There are 2 protein chains.
Amino acid sequence: MNLKTAEVEKSSHLDYFNIAISVDCVIFGYDKKELEILLIKSDLKEFEGMWSLLGDLIKPNEDIESAPYRVLKERTGLEDVYLEQVHTFGSLNRHPSGRVITTAYYSLIDINHHKLQLTHNEVHWHKVGDIKKLAFDHKLILDTCLQRLRQQVMEKPVIFNLLPEKFSLRELQDLYQAILGIQLDRRNFRKKIALKEWLVDLDEMEDNVPHRPGKLYKVKLDLKPKSAKKKKKLIAFVS
Amino acid sequence: MNLKTAEVEKSSHLDYFNIAISVDCVIFGYDKKELEILLIKSDLKEFEGMWSLLGDLIKPNEDIESAPYRVLKERTGLEDVYLEQVHTFGSLNRHPSGRVITTAYYSLIDINHHKLQLTHNEVHWHKVGDIKKLAFDHKLILDTCLQRLRQQVMEKPVIFNLLPEKFSLRELQDLYQAILGIQLDRRNFRKKIALKEWLVDLDEMEDNVPHRPGKLYKVKLDLKPKSAKKKKKLIAFVS
DNA sequence: ATACAAATATGTACTATAAACACATTGATT
DNA sequence: AATCAATGTGTTTATAGTACATATTTGTAT
């Protein structure tokens with residue numbers, strides 16, 4: 001965008017700056033074989049009693065990419081997680097109090113392992129499957145982020161934030177099934193996961209299961225931070 | 001995002017509204033076997049002589065999704081094209097005149113067929129391969145959009161806007177090669193395109209080529225508006 | 001008219017991945 | 001010792017990806 005300084009000054013605080021910008025975080029968790037999402041009670045009278053995503057206005061002195069990390073930190077105490085921008089929503093009337101454009105990010109955290117400091121007592125986990133309606137256009141945002149998560153789940157090792165350090169293949173498969181909302185064949189699933197080479201066999205066994213215990217695995221260390229594997233499709237097209 | 005009306009009013013025109021929002025359009029064209037992009041001379045003194053993307057501030061009364069269509073219309077006279085949101089860029093100092101967050105869209109138009117009304121005489125086509133540097137963070141935006149285009153090119157029938165009504169398979173392959181930046185095997189390319197079932201055989205032959213003419217094809221009518229095929233990967237995962 | 005140049009059109013063998021599917025094994029519980 | 005519940009594993013079939021060569025058609029130059 002081209003914008004002369006003079007133009008900015010002329011229009012400043014008149015028209016164009018009458019739009020606020022926020023980020024909203026779709027924070028997925030996982031518990032008891034169900035995909036969950038962290039929500040907060042809306043404090044707008046228009047949406048009284050309804051739940052909404054965790055979000056905040058972007059501060060004038062922060063990068064847009066920093067904002068969702070800050071929100072996540074403030075709301076849950078968590079840092080150092082995978083966060084990805086998904087889409088920017090800016091319908092005219094999406095916010096009843098004024099013009100607010102919001103950029104949505106998604107994130108995945110382990111509900112049980114990281115104990116959240118849920119200082120706001122109006123912040124709670126909800127089963128994604130149960131959510132029919134949210135404040136603002138947050139249901140649309142959730143759906144968009146869930147769709148993105150489902151796309152990425154086989155391409156990148158993103159979901160290991162949802163599991164404890166050590167996990168069995170059954171636990172991993174249960175997680176995939178919760179995210180994708182479908183049942184998977186165990187043998188084919190294991191083959192596919194093996195191909196990815198994301199896991200390290202720990203030579204340990206599950207414990208405290210009322211049946212034959214399975215082997216335990218962990219994620220390969222070098223995958224933990226982040227990894228981009230975008231070129232796959234392209235390479236597949238080279239002949 | 002939750003935002004009380006009172007809060008909005010309190011902070012209005014002080015902090016949070018000191019951020020402007022723009023859209024930038026990465027408009028791809030295609031000519032003489034090269035992928036091109038439409039650029040405009042920057043009118044900022046900081047970027048004197050440099051080229052930048054076509055963009056504009058979002059108007060207070062327009063949806064964010066409408067803005068890139070308006071920009072495209074204003075700059076090129078074109079309507080009714082494929083436009084897709086790619087990413088929102090909001091580094092602190094990306095704009096020298098103030099805080100501006102921008103949402104990038106990409107679009108594909110046929111340079112030769114639609115005669116642009118290039119009223120702004122500082123708007124010109126540039127070969128994508130030649131672009132080393134642009135004003136602002138526009139080179140980053142271009143790269144991001146090009147990456148997205150390359151991803152989508154095999155999944156969705158998006159690129160037919162870059163070709164005339166009737167085209168040969170060679171012309172189509174040349175286009176793919178220009179976008180992907182690689183050479184493709186003709187036989188495998190044809191097989192792959194045939195699998196997509198995007199084309200209609202017109203039973204006509206090329207004309208005015210100095211060699212054996214090829215068959216002409218057009219895009220299936222029902223694909224022209226838009227088509228979402230996002231579920232492919234997911235289905236592939238069901239076993 | 002003939003030969004040549006340049007591009008079209010087409011098929012097969014090999015490999016890799018996807019999908020459907022069944023049975024023996026282990027450990028805990030009774 | 002028998003039962004239960006889940007683990008662990010392999011084969012077959014179908015589909016898609018990749019590498020690769022030859023005959024055909026048209027225009028052009030001689």
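A nonpolar core is a set of buried Ala, Val, Leu, Ile, Met, Phe, Trp, Tyr and Cys residues joined through side-chain atoms within 4.5 Å, where buried means under 20% relative accessible area, exposed means over 50% and partly exposed lies in between (1.4 Å probe, protein chains only).

The model is predicted, so local features need pLDDT of at least 70 and side-chain atom pairs count only at pLDDT 80 or more, while totals for chains, interfaces and linings use all residues. Residues are numbered from 1 along each chain as its sequence is written, chains are lettered from A and ligands numbered from 1 in the order in which they are written, and side-chain values use heavy atoms, with hydrogens and water left out.

**Exercise 1. Find which residues of the largest nonpolar core touch the most other members, and list the contacts of B:Ile27.**

Solution. The largest nonpolar core holds 46 residues, and those that touch the most other members are A:Ile27, A:Ile58, B:Ile27 and B:Ile58. Next, take contact to mean heavy atoms within 4.5 Å. Not counting residues up to four places away in sequence, B:Ile27 touches B:Glu36, B:Ile37, B:Leu38, B:Leu54, B:Leu72, B:Ser107, B:Ile109 and B:Trp125.

**Exercise 2. Describe how strand E6 of chain B is covered and how E1(B) and E5(B) pair with E6(B).**

Solution. Helices (H or I, at least four residues) and strands (E, at least two) are DSSP runs, numbered from the N terminus, and two strands pair if DSSP finds at least two bridges between them. Start with burial: nine of the nine residues of E6(B) are buried. B:Val100, B:Thr102, B:Ala104, B:Tyr106 and B:Leu108 point one way, whereas B:Ile101, B:Thr103, B:Tyr105 and B:Ser107 point the other way. In a regular strand the side chains alternate between the two faces of the sheet. Then turn to the pairing: E1(B) runs parallel to E6(B) over nine bridges, with B:Ala20 bridged to B:Val100. E5(B), in contrast, pairs with E6(B) in the antiparallel sense over six bridges, and there B:Leu83 stands opposite B:Ser107.

**Exercise 3. Decide whether B:Glu62 is buried or exposed, and identify its polar partner.**

Solution. B:Glu62 lies in the loop between strand E4 (54-57) and helix H2 (66-76) of chain B. Its relative accessible area is 10%, so B:Glu62 is buried. A polar contact is a pair of N or O atoms within 3.5 Å; within protein, one must be able to donate a hydrogen and the other to accept it, and residues adjacent in sequence count only if both atoms are side-chain atoms. The side chain of B:Glu62 makes such a contact with the side chain of B:Arg70, at 2.6 Å. B:Arg70 is among the buried residues of H2(B). Leaving aside neighbours within four places in sequence, the contacts of B:Glu62 include A:Gly90, A:Leu92 and A:Arg99 from chain A.

**Exercise 4. Place B:Lys33 in chain B and state which residues B:Lys33 touches.**

Solution. B:Lys33 is found in the loop between strand E1 (20-31) and strand E2 (34-41) of chain B. With a relative accessible area of 55%, B:Lys33 is exposed. Not counting residues up to four places away in sequence, B:Lys33 touches B:Asp174 and B:Ala178. B:Lys33 and B:Asp174 are 141 residues apart in sequence, yet their C-alpha atoms are 6.1 Å apart in space.
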